[in-house]
Amino acid sequence: MSELHGNMYIEVCTACTPNREYVRVFDVTERTALHRHQTGRACHKCGAPLRDTIVHFGERGTLGQPLNWEAATQAASRADTILCLGSSLKVLKKYPRLWCMTRPPSRRPRLYIVNLQWTPKDDWAALKLHGKCDDVMRLLMDELGLEIPPYSR
């Protein structure tokens, strides 16, 4: 699984090597916006400002971790299926390698999209479901006979 838009519960220190991640139980993006990613908190190790991991519309993901674009691209190149959940896919259209666009259409991974709105990849999708991700995943897991573990903060 690749979180290519970032994670609203993770902030990172980019001054530390490797980047030091802080997983929070609260939304770290309260003070962040397009091209303004500092969260207002500081790294406990070096004191540098922490930043969110979110990729906003019009931005390119620049963090190696936790976004891990290279691993996502490698996984996509080996995949026979790509499942996109809850994304407009507007940011990701700038990353043609994720969609294996260098391959002929018959050799690309089958794309399945679950989203409430239109996406630029709808016409490429083997199946597009206009629905809520939680509802669709609950039905899918039930169909597969897999239990969804209870969520606990």
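Author: Start with the pocket. On a 1 Å grid over the protein atoms alone, a pocket is an open set of points with protein on both sides within 12 Å along at least five of seven lines, where a cavity is a set of points where a 1.4 Å probe fits but cannot get out. Lining residues have an atom within 4 Å of a point. Grid points are joined across faces, edges and corners, and a volume is the space filled by probe spheres set on the points. The model here is predicted: local features need pLDDT of at least 70, side-chain atom pairs count only at pLDDT 80 or more, and totals for chains, interfaces and linings use all residues. Residues are numbered from 1 along each chain as its sequence is written, and side-chain values use heavy atoms, with hydrogens and water left out.

Reader: What volume does the second largest pocket have, and which residues line it?

Author: Its volume is about 180 Å³. The lining includes Ile82, Leu98, Trp99, Arg108, Arg110 and Trp124. For classes, Ala, Val, Leu, Ile, Met, Phe, Trp, Tyr, Cys and Pro count as nonpolar, Asp, Glu, Lys and Arg as charged, and the others, Gly among them, as polar. On that scheme the lining has 9 nonpolar, 2 charged and no polar residues.

Reader: How many helices and strands does the chain have?

Author: Helices (H or I, at least four residues) and strands (E, at least two) are DSSP runs, numbered from the N terminus. This chain has 2 helices and 7 strands, in the order β-β-β-β-α-β-β-β-α along the sequence.

Reader: What is a nonpolar core, and which residues of the largest one touch the most other members?

Author: A nonpolar core is a set of buried Ala, Val, Leu, Ile, Met, Phe, Trp, Tyr and Cys residues joined through side-chain atoms within 4.5 Å. Buried means under 20% relative accessible area, exposed over 50%, and partly exposed in between (1.4 Å probe, protein chains only). Of the 153 residues in the chain, 37% are buried. The largest core has 14 residues, and Ile82, Cys84, Leu98, Trp99 and Leu111 touch the most other members. Helix H1 (69-78), strand S5 (81-85) and strand S6 (110-114) each supply at least two of its residues. H1 gives the largest share, 3 residues. A second, separate core of 6 residues includes Cys16, Cys43, Ala48 and Leu50.

Reader: Which cysteines does the "binding site" annotation cover?

Author: UniProt positions are given in the numbering used here, feature names are shortened, and annotations may be inferred rather than shown by experiment. The unreviewed UniProt entry places "binding site" on Cys13, Cys16, Cys43 and Cys46. They are spread over 34 residues of sequence but cluster in space, with a largest C-alpha distance of 8.7 Å.

Reader: Is cysteine 16 buried or exposed?

Author: Cysteine 16 is buried, at 10% relative accessible area, whereas cysteine 46 is partly exposed at 43%. Cysteine 16 sits in the loop between S1 and strand S2 (20-23).

Reader: Where does histidine 5 lie?

Author: Histidine 5 lies in the segment before strand S1 (10-13). The unreviewed UniProt entry annotates His5 as "active site". Histidine 5 counts as partly exposed because its relative accessibility is 25%.
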